[in-house]
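Here are some notes to go with the model you asked about. Have it open while you read, as the points below jump between residues.

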Amino acid sequence: MSVELLNFIETVLNGLMSGVMYSLVALGFVLIFKASGVFNFAQGVFALFAALTLVGFQTGQIPFSHLINELFGTNLHNWYPSLHSFLAILLTIVTMIILAWLVERLVLRHLVNQEPIILFMATIGLAFVLEGVGDLMWGSDVKVLDVGIPSGGSIWLEEATIGWASEGSEYYGMYIDVLNVWATIIAVILVTALALFSQYTKTGRALRAVADDHQAALSVGISLRSIWILVWGISGFIAMVAGIMWGTESGVQFSLSLIALKALPVLILGGFTSIPGAIIGGLLIGVGEKLAEIYIGGLLDIGAIENWFAYVLALVFLLFRPQGLFGDKIIERV
Amino acid sequence: MRLKKMIVGLLGSVIAIGGFLEVATADLKFPMLVYRTGAYAPNGIPNADGFVDYYKMINARDGGIGGEKIVFPECETGYKTQVGVECYEKHKDGAMVFQPMSTGITYQLIPKATADGVTVYSTGYGRTSAANGKVFKWIFNAPVTYWDGASIAVRHILKQNLGNIKGKKIALVYHNSAYGKEPIRTLETLAKKHGYELMLLPVDHPGQEQKATWLKIRKQRPNYVLMWGWGVMNQVAIKSAASIRFPMENFIGIWWSGSENDVLPAGSGAHGYKSLAFNAPGSNFQVHKDIKKYVHDKGEASGDGSHFGTVLYNRGLLQAMVQVEAATVAQKIHGTSKITPAMYRDGMENVNLSAERLAELGFKDFAPPFKNTCENHGGSGLAAVQQWDAKAKKWNMITEYMYGDREVVDKLIAEDSTKYAKEQKIAMRCN
């Protein structure tokens, strides 16, 4: 094969892998939007908060220790030296469920039947509050997150593909980050589990009923509030998975909340109400932006176009298919 | 009766506030533009802590500067240019000096501070050509500029290649902002001089996703990668370089891409990564002993004291020390402890931090000596190369402090500042 073709395949593969990382963030948005019609602006901060909490549990950091030390002149830092990642993940899941309960109790419950824009504004407020609470609880330092997921370029793939190029050409083998491969496997498991849960469990069916029609679901005795807690809890869990993946790549720090911006074009493209849409949208955006950066950017001799190119792609879709690839078509009868 | 009490209370308050203001104006006001929140907080916090601890130590140990206490109100910018300008407007009255801690904010403040008569000190960042004191009366960027940094990095590469880098490929991975773009001009000029090929690879804010950039590097195999990054961009770049197995000893960051924050997330992969530095890391200097004694041991540390001795904390100490020294010099020049902003500027222009003076101030071997003059606001232009030891988790200085290519840098500074002077109709000083 020619080196150009191999490089193209490598770019597409890496785009797909990046796309999976975007999909992980977008999934949380879709779940909440489907069940409660709320566009949760705080989803990125959820990922950050979950990752901060996970590192906090792993390292035994005392929450709010900075604040306590400042107020009372104490010198508190850690409960214990370290905790196994598995236990830390379990505790983080519990924390995210408590957070979901608090969101329902303190925010959503008071905004039932309000306009979607009001709920959206509430989630903007929630994002800022949660970011501030996260800062007070765990501090702003860059934290190293290691839950045992391997990362770095795959040497196996590199060695296996180095001979694929035509003889005499300069080729170094194909590159894929092992962390992204793991992210793909985890995303597949996550989506399968979600599909099985919503298809074959009573709660899952209730969840789908609420997603289809709130009023009808209420009339058959489904508790809207418990479904909301459940959905926000699940999206908190997904946020944790996204936080782990992104945090392992860059360290856990406050810019992690900005990954929500990566999910927006994915949602526009895939649709706000479709789980497969979030996955396919993520993959398309991932591939599109990587190809644009390397080939269009290279052709025009400009760089850093991938961030805005994702939105160009999403806007083009918006013009022709406003509901996204898999979103529900809005039909209003006059 | 109640009305009478209210009026008396109100009058009392006015008198008390007036009294306070009188005291406050006698103090030396060094407003701090900080970013303790947002995407760049992990770097902003240790740096701000260094400033605060140093000012507190001077107030506690020496009773201030020449008997005048330092007041240092903080204003949170979040590293946002517009907010930084608002902070400046809020605190400029009576302010001696502003340290914007952002090249973008510095660019915005240059014309404003010049018109207002307020000193701006951008230590090793900001507009490089502000080093020309003939044009930029109120702006200082000592001890070293970005153009010095670019040429020092190239000089280091030249040394490694026995003076010949013709045909080599050098990539610049840079924050796609005013800051990241600063070295491009110098690197392009040096490319013509030394015959290397320059690859420019911008990374958009915040730099969380850089896969395409590093795929390009992997395909085009530059011999060296230079980095002008900040915040998460540094961590992702270093981790990505390790991931594609780029030789870390050929990866050199500017001094803002060389803190512990930048390398720790990459773990052992960051071993061998290099960055430029104009201050030493560590906490074994006299200034640290004084801060411990007068500030930390009294429970007055800024934050939880966990950044003590880190690269960015130490840089904050150096920056604060220069600002305090400028006030000391101004007091000597004008024979009064109650200096004005204009007097302070004179002090900054006459700062002479010789090795002896640095030792007196508790900074022996902490940073290279430098002096400002009317013509030169950019200091010595000296920086060294430090290398990360991932096993010991510490930076090691691996070169002496060295100069960049003065011939190239001085010419570029003269060109750029002269152009600015013409545009702004500024008459040259120092004749």
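The points below start with the overall build of one chain and then turn to single residues.

1. First, the caveat: this is a predicted model. Every number below is computed from that predicted model, so please read it with the cut-offs on pLDDT in mind: local features need at least 70, and side-chain atom pairs count only at 80 or more.

2. Along the principal axes, the C-alpha atoms of chain A fill a box of roughly 70 × 65 × 40 Å.

3. Some totals for chain A. Of the 334 residues, 51% are buried. If you take contacts between residues at least 6 apart in sequence, 75% of them join residues at least 24 apart. The accessible surface is about 15,500 Å², and carbon and sulfur atoms account for 70% of that.

4. Have a look at helix α1 of chain A, residues 3-36. Its 34 residues reach 49 Å from first C-alpha to last, close to the 50 Å expected at 1.5 Å a residue. There is still a bend of about 30° in α1(A), at A:Val25. Of the 34 residues in α1(A), 25 are buried, so the helix is largely enclosed by the rest of the structure. What follows α1(A)? That would be A:Gly37, with a positive phi near 70°.

5. On to the aromatics. Over all chains, the search turns up 33 aromatic pairs. One of them is A:Phe41 with A:Phe120: the ring centres are 6.1 Å apart and the planes sit at 85°, so this pair is edge-to-face. The two partners are 79 residues apart and link distant parts of the chain, with A:Phe41 in the loop between α1 and α2 and A:Phe120 in helix α5 (residues 116-138) of chain A.

6. B:Tyr55 and B:Phe72 are tilted, at 5.2 Å centre to centre with 40° between the planes. B:Tyr55 lies in helix α2 (residues 41-62) and B:Phe72 in the loop between β3 and β4 of chain B, so the pair ties together parts that are 17 residues apart in sequence. B:Tyr55 is buried, at 0% relative accessible area.

7. Next, A:Met245, which sits in helix α10 (residues 224-250) of chain A. This methionine is buried, at 1% relative accessibility. Leaving aside residues up to four places away in sequence, A:Met245 touches A:Met21, A:Leu24, A:Ile149, A:Leu179, A:Trp182, A:Ala183 and A:Ile186.

8. In the loop between β7 and α5 of chain B you will find B:Asn141. It is buried, with 1% relative accessible area. Among the residues it touches, not counting those up to four places away in sequence, are B:Tyr121, B:Arg127, B:His377 and B:Gly378. The loop between β7 and α5 also holds B:Pro143, and the peptide bond from B:Ala142 to B:Pro143 is cis, with omega near 10°.

9. Another cis bond runs from B:His205 to B:Pro206, with omega near -5°. B:Pro206 is in the loop between β9 (197-203) and α8 (211-220) of chain B.

10. Finally, two residues other than glycine with positive phi. A:Ala304 has phi near 55° and lies in the loop between α12 and α13 of chain A, where it counts as buried at 7% relative accessibility. B:Leu162 has phi near 50° and is in the loop between α5 and β8 of chain B; at 82% relative accessibility, B:Leu162 counts as exposed.

Terms used:
Residues are numbered from 1 along each chain as its sequence is written. Chains are lettered from A and ligands numbered from 1 in the order in which they are written. Side-chain values use heavy atoms; hydrogens and water are left out. Helices (H or I, at least four residues) and strands (E, at least two) are DSSP runs, numbered from the N terminus. The expected span of a helix is 1.5 Å times one less than its number of residues. The bend at a residue is the angle between axes fitted to the seven residues ending there and the seven starting there. Buried means under 20% relative accessible area, exposed over 50%, partly exposed in between (1.4 Å probe, protein chains only). Contact means heavy atoms within 4.5 Å. Accessible areas come from the Shrake-Rupley method with a 1.4 Å probe; for residues, only the protein chains shown count as cover. Rings of Phe, Tyr and Trp (its six-membered ring) pair if their centres lie within 6.5 Å; planes under 30 degrees apart count as stacked, over 60 as edge-to-face and the rest as tilted.
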